[in-house]
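Notebook open, and a model to go through.

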There are 2 protein chains.
Amino acid sequence: MSGTRARSRGAGGRPRIEDVAALAGTTAITVSRTLRQPQKVAPETRRRVLEAVETLGYIPNLSASALASRRSGIMALVVPTIANSVFAETVDGFSEVAGRAGLQILLGQGTYSPEAEHRLLTALAGRQPDALARIGVVRRPETRALLQRTRIPMAETWDLTQDPIDLVVGFSNRAAGLAMTRHLVARGRRRIAFIGSDDDRAAARRHGYEEALAEAGLQPAAPAIRVQEISYGAGRRALRALLQLAPEVDAAFCANDVLAVGALLECRSFGVSVPDRLAVAGLGDLEIAQELSPALTTVRIPSRAIGARAAELLLARVAGEPVDQRIVDLGFEIVERESA
Amino acid sequence: MSGTRARSRGAGGRPRIEDVAALAGTTAITVSRTLRQPQKVAPETRRRVLEAVETLGYIPNLSASALASRRSGIMALVVPTIANSVFAETVDGFSEVAGRAGLQILLGQGTYSPEAEHRLLTALAGRQPDALARIGVVRRPETRALLQRTRIPMAETWDLTQDPIDLVVGFSNRAAGLAMTRHLVARGRRRIAFIGSDDDRAAARRHGYEEALAEAGLQPAAPAIRVQEISYGAGRRALRALLQLAPEVDAAFCANDVLAVGALLECRSFGVSVPDRLAVAGLGDLEIAQELSPALTTVRIPSRAIGARAAELLLARVAGEPVDQRIVDLGFEIVERESA
DNA sequence: CTGAAAGCGCTTACAG
DNA sequence: CTGAAAGCGCTTACAG
């Protein structure tokens with residue numbers, strides 16, 4: 001009774017493919033076929049199998065399936081945090097495309113330290129995902145090497161790099177910073193300051209800002225203001241600091257909309273007239289940006305499209321289709337409103 | 001050479017546990033033990049194994065591990081959408097706790113239709129997750145039955161229900177609506193309107209609102225205003241509609257902060273004085289709520305804690321520890337600011 | 001259109 | 001402290 005093959009249920013109490021086959025009067029392989037390539041099974045057989053599946057409430061064990069087929073049906077996605085609405089949109093786009101293709105998402109969160117990320121990626125790779133995506137670029141050489149060795153199709157996103165591990169889908173943060181700063185210059189601003197956090201992405205935007213100043217023969221209105229966290233409150237505080245540091249500043253370019261909205265609110269609280277006295281520009285185009293008054297001039301970023309496109313390219317890779325472009329620049333768009 | 005056991009690498013080209021064992025001069029079982037219960041292995045053996053792991057870049061195949069051990073090391077999480085910052089925080093809390101325990105998150109997105117959700121949950125269950133959580137309560141009887149049959153530890157979240165499939169972690173939306181409406185009544189408001197979307201959660205909040213009105217002997221200032229989407233713009237339009245429908249309204253209770261912020265902005269645009277002429281209250285306590293002026297009076301919700309707590313309880317279940325409370329009410333808090 | 005055999009890469013008792 | 005044997009529940013060629 002407790003013999004190896006004598007039971008009619010798996011040890012977890014759940015029906016196995018053998019149980020379905022027995023009930024349908026056929027074999028495991030035909031059940032498997034019915035579930036995956038039904039057109040290759042005779043209609044009557046198919047009917048009996050599906051009935052048995054229904055009766056038993058059979059759910060295929062995808063670990064066994066993955067092991068046998070070497071296709072896990074999983075795409076792994078690594079994000080710094082999803083408690084940030086711009087990243088959440090990327091995850092959303094990625095997940096939607098993956099879901100339509102019948103793939104599941106394994107979510108890895110937290111890229112605080114390179115070591116922690118290495119461990120996370122190793123663990124995810126152990127799941128044999130069919131593809132892997134990450135918000136941001138992987139810098140640590142050991143981690144890059146690891147990912148290259150696994151040969152899992154991989155997309156880095158958000159930042160463009162000339163040297164992706166496999167694919168990269170994003171936009172140029174430098175170019176976005178450059179374009180917005182040029183816009184400010186074109187609007188007659190001459191004392192332009194930068195407010196941003198202390199990460200790679202903000203640094204790239206700042207480089208664009210500096211480049212635009214240089215080509216216009218301008219100096220920064222103040223040393224770049226660095227915030228420790230990205231919040232409306234941090235934006236407020238940064239603007240206050242800026243006005244103390246450089247009272248004559250005539251434009252503030254904020255590395256993202258949350259900071260810019262904070263800055264805008266601070267201006268209103270303190271009667272700083274925007275854009276007359278001070279222009280304020282952001283980056284990201286959050287919904288709140290267009291609802292404030294003055295409405296925020298900003299850069300629209302294809303957050304959702306980044307996720308969706310990365311997923312599509314990875315699906316193509318998984319299907320063995322050629323991917324002609326390893327570096328995909330989805331661009332951005334200056335959205336001119338009232339604040340700058 | 002192409003024989004079954006003659007190769008030194010798995011078919012995917014990746015080293016297997018056998019390869020590590022061979023290099024370390026031991027057997028698969030000892031390698032497995034070294035990786036999972038190192039204290040049971042002699043130091044010298046352990047050293048050799050870890051060295052071999054390092055040399056080969058060995059990453060255990062977790063599908064094989066899951067199949068053999070019947071523990072997948074995965075927790076599945078189903079969300080309606082994560083492009084909504086309150087849900088994103090719940091996911092974040094869940095994922096952090098799970099990650100600390102070494103479990104991976106399988107993310108299922110989309111609960112648009114009960115049928116689609118049933119398919120999604122079936123697919124997720126096939127992965128044999130050690131536990132399953134969902135934002136929101138599962139209503140469809142077939143889906144509830146399916147989940148009950150699988151015997152996977154399961155947490156429904158956000159909404160409290162008297163009859164959870166297994167566990168439920170959340171707060172009472174009805175009680176929150178009741179408390180905020182009582183607050184408005186206590187502040188002397190008598191013509192109180194409700195603005196909300198058309199889902200279960202908003203309906204529960206509305207019921208609380210109606211209950212508070214009834215106990216105060218009041219009538220709604222207008223039929224509940226229903227929005228089709230949750231956005232600042234929708235909040236603006238809803239407020240405009242409300243003022244047309246019931247010009248004498250003296251308070252607007254919005255089912256969530258996004259709508260409330262939209263309403264507040266609309267008031268400012270049209271010179272409706274808040275709170276003098278109209279009180280505006282929200283629910284959710286987004287960061288923007290405290291930054292606007294007037295700052296938004298709202299209900300603080302433990303979004304992040306909901307995710308974290310659900311994960312903790314599920315981990316306890318997985319570890320076989322008794323969970324004494326199946327219904328966990330995390331409560332809420334009225335945050336009184338300037339708008340109401 | 002259907003099936004027998006072998007194998008995917010691990011872990012679980014059980015011995016010693 | 002270490003290992004031989006069996007098995008987890010599927011799918012993959014290969015036949016017929």
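A note on naming before I start: helices and strands here are DSSP runs, helices being H or I with at least four residues and strands E with at least two, numbered from the N terminus. I also keep in mind that this is a predicted model.

**Entry 1**

In chain A, the bond from A:Val274 to A:Pro275 is cis, with omega near 5 degrees. I placed A:Pro275 in the loop between α11 and β9 of chain A. Chain B gave me another cis bond, joining B:Ser293 and B:Pro294, with omega about 0 degrees. B:Pro294 is in the loop between α12 (287-291) and β10 (298-300) of chain B.

I also checked phi. A:Trp158 is not a glycine, yet its phi is positive, about 80 degrees. It belongs to strand β4 (residues 154-159) of chain A. I noted these because most residues other than glycine have a negative phi, and most peptide bonds are trans.

**Entry 1**

**Entry 2: a sheet in chain A**

Which order do the strands take? I read β7-β6-β8-β9 (chain A), four strands in an open sheet with parallel pairing. β7 (225-226) and β9 (279-281) of chain A are at the edges with a single partner strand each, so one side of each has no neighbour in the sheet. Strand β8 (residues 251-254) of chain A pairs with β9(A) over three bridges, in the parallel sense. One pair I wrote down is A:Ala251 with its bridge partner A:Ala279 in β9(A). Helix α8 (residues 173-186) of chain A packs on this sheet and touches β6 (192-196), β8 and β9 of chain A. The direction of α8 makes about 165 degrees with that of β8(A).

**Entry 3: helices of chain B**

I started with α2 (residues 28-36) and α3 (residues 43-56) of chain B, which pack at about 95 degrees with their axes 10 Å apart. The two are therefore roughly perpendicular. From α2(B), I listed B:Thr30, B:Val31 and B:Thr34, meeting B:Thr45, B:Arg46, B:Val49 and B:Leu50 in α3(B). That contact of α2(B) with α3(B) divides into three nonpolar, three polar and one charged residue.

Next came α1 (residues 17-24) of chain B against α3(B): about 125 degrees, axes 8 Å apart. That angle makes α1(B) oblique to α3(B), and the crossing is right-handed. Among the residues in contact are B:Leu23 of α1(B) and B:Val53 of α3(B). By type, the contact of α1(B) with α3(B) has seven nonpolar, one polar and two charged residues.

**Entry 4: where the chains meet**

How many residues does each chain give to the contact? I got 47 residues from chain A and 47 residues from chain B. On the side of chain A that touches chain B, α5(A) gives the most, with seven residues. This side of chain A divides into 21 nonpolar, 19 polar and seven charged residues.

β2(A) and strand β2 (residues 104-109) of chain B run antiparallel, joined by three bridges. A:Leu107 stands opposite B:Ile105 in β2(B).

Methods:
Residues numbered from 1 in each chain as written. Chains lettered and ligands numbered in written order. Predicted model: local features only at pLDDT ≥ 70, side-chain atom pairs only at ≥ 80, totals over all residues. Axes fitted to C-alpha atoms, helices over the stretch in contact; angles between N-to-C directions. Parallel < 35°, antiparallel > 145°, perpendicular 65-115°, else oblique. Contact = placed C-beta atoms within 7 Å. Nonpolar A, V, L, I, M, F, W, Y, C, P; charged D, E, K, R; others polar. Pairing = 2+ DSSP bridges. Left-handed = near helix turned anticlockwise from the far one by under 90°.
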